[in-house]
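Please look through the structure below, taking the chain as a whole and then a few of its side chains. The paragraphs that follow lead from one to the other.

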Amino acid sequence: MDNDNEKALQTFQRELAKLYASLSPKEQRKAIAASMRREANRLKKAAQTKVRTSGLSAKTGVDKGVYARVYPKRYGTGFMVSVKPHGAKKGIHTNRQGKQKPVLLFAEEGTKQRNVGRRKGNAQYRQGRFAQKKWRDYSRSGHSTGRMSPYKFLAMTEQTEAAGIEQRLWTDFERNVDKAAKKGV
């Protein structure tokens with residue numbers, strides 16, 4: 001029985017390869033990009049749901065800062081779901097005072113403890129989180145402005161949704177190739 005399934009799978013893969021070879025390179029790229037776009041939007045919606053249920057106040061539409069981006073064809077295939085600011089609107093939230101801030105970036109990674117006031121004492125050096133150079137940390141004389149603990153909603157989305165991504169991409173790609181082949185015939 002297992003041997004029959006294996007033969008059927010190999011036959012199916014050969015037929016799909018023939019269909020794929022019959023398409024032009026432009027149609028092949030469109031089939032791949034469409035499946036990437038569909039999966040990216042599905043993951044974006046899942047991440048927005050995590051933002052709404054994370055406890056972060058989403059009354060002002062904070063969850064709209066989550067965006068999905070499919071890589072341009074010159075970079076190959078792939079996509080990303082992010083909250084980091086990109087351009088004038090992606091990842092930016094306008095608060096009630098009219099100021100634009102990357103709130104979801106702060107919420108995803110958290111912020112460090114800070115104080116207001118003048119610098120006091122000597123600077124302490126620490127390794128940068130994303131950079132190779134060292135950063136100077138000053139202790140300050142004023143009151144604490146607090147810190148924001150990380151919500152990690154993108155990490156949780158990745159953890160829960162990563163299992164079926166490749167399978168969904170493959171089935172979507174098969175459907176797109178089949179649709180493009182039927183359109184061409």
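Predicted model: local features only at pLDDT ≥ 70, side-chain atom pairs only at ≥ 80, totals over all residues.

Which side chains meet Asp-172 in a salt bridge, and at what N to O distance? The partner is Arg-175, whose side chain meets that of Asp-172 at 3.0 Å, N to O, where a salt bridge is a side-chain nitrogen of Lys or Arg within 4 Å of a carboxyl oxygen of Asp or Glu. Because Asp-172 and Arg-175 stand three residues apart in helix H5, about one helical turn separates them. Asp-172 is buried, with a relative accessible area of 6%, whereas Arg-175, at 48%, counts as partly exposed; buried means under 20% relative accessible area, exposed over 50%, and partly exposed in between, with a 1.4 Å probe and protein chains only.

Residues are numbered from 1 along each chain as its sequence is written, and side-chain values use heavy atoms, with hydrogens and water left out.

The chain holds five helices and eight strands, these being DSSP runs (H or I of at least four residues for helices, E of at least two for strands) numbered from the N terminus. Read from the N terminus on, the elements follow the order α-α-β-β-β-β-α-β-β-β-β-α-α. Of the 185 residues in the chain, 26% count as buried. If one takes the contacts (heavy atoms within 4.5 Å) between residues at least 6 apart in sequence, 58% of them join residues at least 24 apart.

Helix H2 covers residues 25-53, and its 29 residues should span 42 Å at 1.5 Å a residue, which agrees with end C-alpha atoms that are 42 Å apart; the expected span is 1.5 Å times one less than the number of residues. Among the buried residues of H2 are Gln-28, Met-36, Glu-39, Leu-43 and Val-51. After H2 comes Gly-55, whose phi is positive, near 105°. Lys-152 also has a positive phi, of about 55°, although it is not a glycine, and Lys-152 lies in the loop between strand S8 (144-146) and helix H4 (153-161). With a relative accessible area of 43%, Lys-152 is partly exposed.

Side chains of opposite charge can pair when their charged atoms come close. The structure holds seven salt bridges, and one of them joins Arg-42 to Glu-39 at 3.1 Å, N to O. Both of these residues lie in helix H2, three residues apart, about one turn of the helix; Arg-42 is partly exposed at 30% relative accessible area, while Glu-39 is buried at 3%. Arg-42 also forms a salt bridge with Glu-161, with the closest N and O atoms 3.1 Å apart. This pair links distant parts of the chain, since Arg-42 is in helix H2 and Glu-161 in helix H4, 119 residues apart. Glu-39, Arg-42, Glu-161 and Arg-168 are linked in a network of salt bridges.

Finally, the structure holds one aromatic pair. The ring centres of Trp-170 and Phe-173 lie 6.1 Å apart with planes at 45°, so the pair is tilted; rings of Phe, Tyr and Trp (its six-membered ring) pair if their centres lie within 6.5 Å, and planes under 30 degrees apart count as stacked, over 60 as edge-to-face and the rest as tilted. Trp-170 is partly exposed, with a relative accessible area of 39%, whereas Phe-173 is buried at 13%.
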